[in-house]
Amino acid sequence: MQIAEVRTPRDKKEFIEFPKRLYKGDPNWICPLDWQVRDTFEPARNPLLEKGEACRWLLKDGNNETIGRIAAFINPVRSAAYRQPTGGVGFFEVIESREAAFTLFDTAKEWLAERNIEAMDGPVNFGENDTNWGLLVDGFMPQGFGMPYNKKYYKAFFEEYGFKNYYEQFSYHRELRNEKGEIIEFPERFMKIAEWIAKRPGYSFQHFEFRRKKKFVDDFVEIYNSTWSVFKDDFTPVKPEIIETTFRKARHVIDEELIWYAYFNDKPIAFFIIFPDLNQILRHFNGKLNFINIIRFLYYRATNEMTRMRALVAGVVPSHQNSGVESAIFLQLYKVFQKKPWYRELELSWVGDYNPKMMALYEAVGSYHAKKHVTFRYLINKELEFIRFKDEMAEKQNNNKDS
């Protein structure tokens, strides 16, 4: 076996094409768009590369055939937030060979160690954790857009190499309609609570509208920065132009009535963002978004090919986090589901094992635990003590109380 860094245009193309051969014949695998993979490693497209660093490799057998790939990343902001300097590994794909898998892990580990990194998380993306984050270990079915899918044998490779379960990520599914196409009611108790909260003085709710995009972008930024600044140690304030660009790029996917904001006395306090599942269309394209596929995309969208939705992100400002406002937002969404019969399933993904309140909310609306991903951590520095993420959170909370 030979492993080499991806450098040439031919290498870059092979890095994208190898998974298409590896998963050929697997009906559950949905090929990501080629440009999504490519842009992760382009400084002009990925702002994390301004201060961060990434490297990728291809593993070849004796016949010069690709048998594996991997990438390693360093995000200085995220790294500095952990107990030790921490990098990441991702884009991991390999044939069913323990030797090949370990060669890939060794290469990434050595690259990170040379840069004074003491731990590596994987498999992760070089970006935010709402996309391609974690290893699928339960629920091998077609994944929603942004949720990773992988071979079942990967779990053993990670564990045998020495990676440990840092946290688990649960995805919940909620059927919205029965076989006759009739709406499946939300639990009565949940609906009563949601209606009571929605009618409380001062509360109001609005869905996203492109014609008022600036307002909703600004409201998103205000809620997001207020919420995550006290939750994430690696928090970097989001900029309005980044959110504006995201909405603009997703314009042909977004359903305005699936993005809701809550206000208290006209001040933004919460949002819940759901996108139709783009993977239900991308499964037809094999990663290519050429002119013909753009035409096909518009056709599939117009004919309601996307019957499933994925909840991407939610946020509630600290002062309203125990108010139940999330339930009131679900009430607004329920009214949308009633009038749009092509939506048949809602995926609520993902929620960490360290977030029991959100899990309780998802269960309260009648959803069930459908999939589990795991984010693993490997300690390069063997003198360090391994601590799971939820234990780190508990330790920080106790320290904050003491101070």
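1. Asn-265 counts as exposed in this predicted model, because its relative accessibility of 54% falls in the class over 50%. The residue sits in the loop between strand E9 (259–264) and strand E10 (267–276).

2. The loop between strand E2 (53–60) and strand E3 (66–74) holds Asn-64, which counts as exposed at 53% relative accessibility.

3. Two cis peptide bonds should be noted. One joins Gly-122 and Pro-123, with omega about -10°; Pro-123 belongs to the loop between strand E5 (119–122) and strand E6 (135–138). Another joins Ser-349 and Trp-350, with omega about -15°. Trp-350 is placed in strand E12 (residues 345–352).

4. On helix packing, helix H6 (residues 188–198) meets helix H11 (residues 325–339) at an angle of about 105°, and the axes are 8 Å apart. H6 is therefore roughly perpendicular to H11, as the range for that class is 65 to 115 degrees. From H6, the contact is made by Phe-190, Met-191, Ala-194, Glu-195, Ile-197 and Ala-198. From H11, the contributors are Val-325, Ser-327, Ala-328, Phe-330, Leu-331, Gln-332 and Tyr-334.

5. Helix H10 (residues 291–302) supplies its largest share, five residues. Ile-295, placed in helix H10, is partly exposed with a relative accessible area of 45%.

6. The whole structure contains 30 salt bridges. In one of them, the side chains of Glu-395 and Arg-83 meet at 2.8 Å, N to O. This pair links distant parts of the chain, 312 residues apart: Glu-395 is in helix H13 (residues 389–402), and Arg-83 is in the loop between helix H3 (76–81) and strand E4 (86–94). Both partners are partly exposed, Glu-395 with a relative accessible area of 33% and Arg-83 with 45%.

7. A salt bridge also joins Glu-160 to Arg-98, with the closest N and O atoms 3.0 Å apart. Glu-160 lies in helix H5 (residues 154–161) and Arg-98 in helix H4, so the pair ties together parts that are 62 residues apart in sequence. Glu-160 is partly exposed at 45% relative accessibility, and Arg-98 is partly exposed at 46%.

8. The side chains of Glu-168 and Lys-372 form a salt bridge at 3.6 Å, N to O. The pair links strand E7 (residues 164–175), which holds Glu-168, with strand E13 (residues 368–379), which holds Lys-372, across 204 residues. Glu-168 counts as buried because its relative accessibility is 18%, and the class is set at under 20%. Elsewhere, Glu-17, Lys-20, Asp-34 and Lys-288 are linked in a network of salt bridges.

9. Two C-alpha separations may be compared with the sequence. Thr-236 and Val-77 are 159 residues apart in sequence and 7.9 Å apart in space. Thr-236 lies in the loop between helix H7 (213–228) and helix H8 (240–249) and is partly exposed, with a relative accessible area of 47%. Glu-99 and Met-141, 42 residues apart along the chain, are separated by 27 Å. Glu-99 is in helix H4 (residues 98–113) and counts as exposed at 56% relative accessibility.

Technical notes: Residues numbered from 1 in each chain as written. Predicted model: local features only at pLDDT ≥ 70, side-chain atom pairs only at ≥ 80, totals over all residues. Heavy atoms only, no water. Helix = DSSP H or I, 4+ residues; strand = E, 2+ residues; numbered from the N terminus. Buried < 20%, exposed > 50% of the residue type's maximum accessible area, 1.4 Å probe, protein only. Axes fitted to C-alpha atoms, helices over the stretch in contact; angles between N-to-C directions. Parallel < 35°, antiparallel > 145°, perpendicular 65-115°, else oblique. Contact = heavy atoms within 4.5 Å. Salt bridge = Lys/Arg side-chain N within 4 Å of Asp/Glu carboxyl O.
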